[in-house]
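Colleague: I am new to reading structures. Can we go through this one together, step by step?

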Amino acid sequence: MQLSTRHLLGIRDLEPQDVQKILDTAQQFKEVLQRPIKKVPSLRDITIVNLFYENSTRTRISFELAEKRLSADTINFTASGSSVSKGETLLDTVNNILSMKVDMVVMRHSATGAPHFLSKRVPAVIVNAGDGINEHPTQALLDAFTIREKLGTLEGARVAIIGDIMHSRVALSNIYLMRKMGAEVMLSGPPTLIPRHIEEAFNVRVEYDIDKALAWCDVANVLRIQLERQNQVLFSTLREYSQAYGINRRRLDKVGRPIHVMHPGPINRGVELDSDVADSGHSLILGQVENGVAVRMAVLYLLSGKS
Ligand code: NCD
């Protein structure tokens, strides 16, 4: 049981069978995580480095826990506090770490394509934990797992992705994944934050009216405004954004039927999502985080060559 790729660089490179295999394997690991002893020996002789060149809370902890639950040896590298500040290149850093007999690299980097670059130059298996504004494949996989768990299938699921589509690697990975697995995708948000011609490029819908998008969907995946990635003014103020596109109880009540609300975190409360929704029965947010560990266990296991 193996994947059709040696690395996980993006959802773009996966076949639908790969996604199916990862989600089914994650289901088995989720069962392991409910047991009193939440650990299996599967990766006992594997060493994994978590290489984080960009801030992260959930993704870093989730990968580390997944590795520990699989009994792998793990080391954590964060760019701040390392020799990166002394001018060491990415490739030199990684080659030095790999010379200590490390098998797999989980990496997050602010540069789009950094994991692809490494995968062509080093012998280790590379798992992309987010590269710039490109992809965040394990986030999309855990989102898909969570939707499948709630709706029973991805086929025909109506998924609205709402917010800063332009700067979001979560959005791109989700679009690839949902379309590959037969879900319908609608993008909603300010016109300045949705790339032009994206409908034709990805076979998705675009709806600038948030209330219409909510009325259409089964699941609303709400994204953060990636202010740190915007170097020009793409909308007026956060207050105005929240009024036009923020998801709140009043908007959901208007829909008149239950919608599942997801968010990859970190939430900017009161901007893209109000607390009366984030902390309500509509919210799948903490379930997504829980599922992330099982999904990352599945990815690491299937790529390790031990399956
Ligand atoms: C996201 C990221 O870093 O891409 N967070 C995450 O990994 N769960 C989304 C974000 O930063 O808004």
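Colleague: Which residues are linked in a network of salt bridges?

Modeller: Keep in mind that this is a predicted model. Side chains of opposite charge can pair when their charged atoms come close. Here three residues are linked through such salt bridges: Asp211, Arg251 and Lys254.

Colleague: How far apart are the closest N and O atoms of Lys254 and Asp211?

Modeller: Lys254 sits in helix H10 and Asp211 in helix H8, 43 residues apart, and the pair links distant parts of the chain. A salt bridge needs nitrogen and oxygen within 4 Å. Lys254 and Asp211 form one, with their closest N and O atoms apart by 3.6 Å.

Colleague: Is Lys254 buried or exposed?

Modeller: Over 50% relative accessible area counts as exposed. Lys254 has 56% relative accessibility, so Lys254 is exposed.

Colleague: How many residues apart in sequence are the parts tied together by Arg148 and Asp24?

Modeller: The side chains of Arg148 and Asp24 meet in a salt bridge of 2.9 Å, N to O. Arg148 belongs to helix H5 and Asp24 to helix H1, so the parts they tie together are apart in sequence by 124 residues.

Colleague: Is Arg148 buried or exposed?

Modeller: The cut-off for buried is under 20%. Arg148 has 17% relative accessibility, so Arg148 counts as buried.

Colleague: Which helix holds both Lys68 and Glu64?

Modeller: Lys68 and Glu64 form a salt bridge, with the closest N and O atoms 2.6 Å apart. The two residues are 4 residues apart, about one turn of the helix, and that helix is H2.

Colleague: At what angle do H1 and H12 pack?

Modeller: Two packed helices are described by the angle between their axes and the distance between the axes. For H1 and H12, the axes lie 8 Å apart and the angle is about 120°.

Colleague: How many nonpolar residues does the contact of H1 with H12 have?

Modeller: H1 brings residues including Ile22 and Phe29, and H12 brings residues including Val295 and Leu302. By class, the contact has 2 polar and 3 charged residues, while the nonpolar ones number 10.

Key:
Residues are numbered from 1 along each chain as its sequence is written. This is a predicted model: local features need pLDDT of at least 70, side-chain atom pairs count only at pLDDT 80 or more; totals for chains, interfaces and linings use all residues. Side-chain values use heavy atoms; hydrogens and water are left out. Axes are lines fitted to C-alpha atoms, for helices over the stretch in contact, and angles run from 0 to 180 degrees between N-to-C directions. Contact means heavy atoms within 4.5 Å. Ala, Val, Leu, Ile, Met, Phe, Trp, Tyr, Cys and Pro count as nonpolar, Asp, Glu, Lys and Arg as charged, and the others, Gly among them, as polar. Buried means under 20% relative accessible area, exposed over 50%, partly exposed in between (1.4 Å probe, protein chains only).
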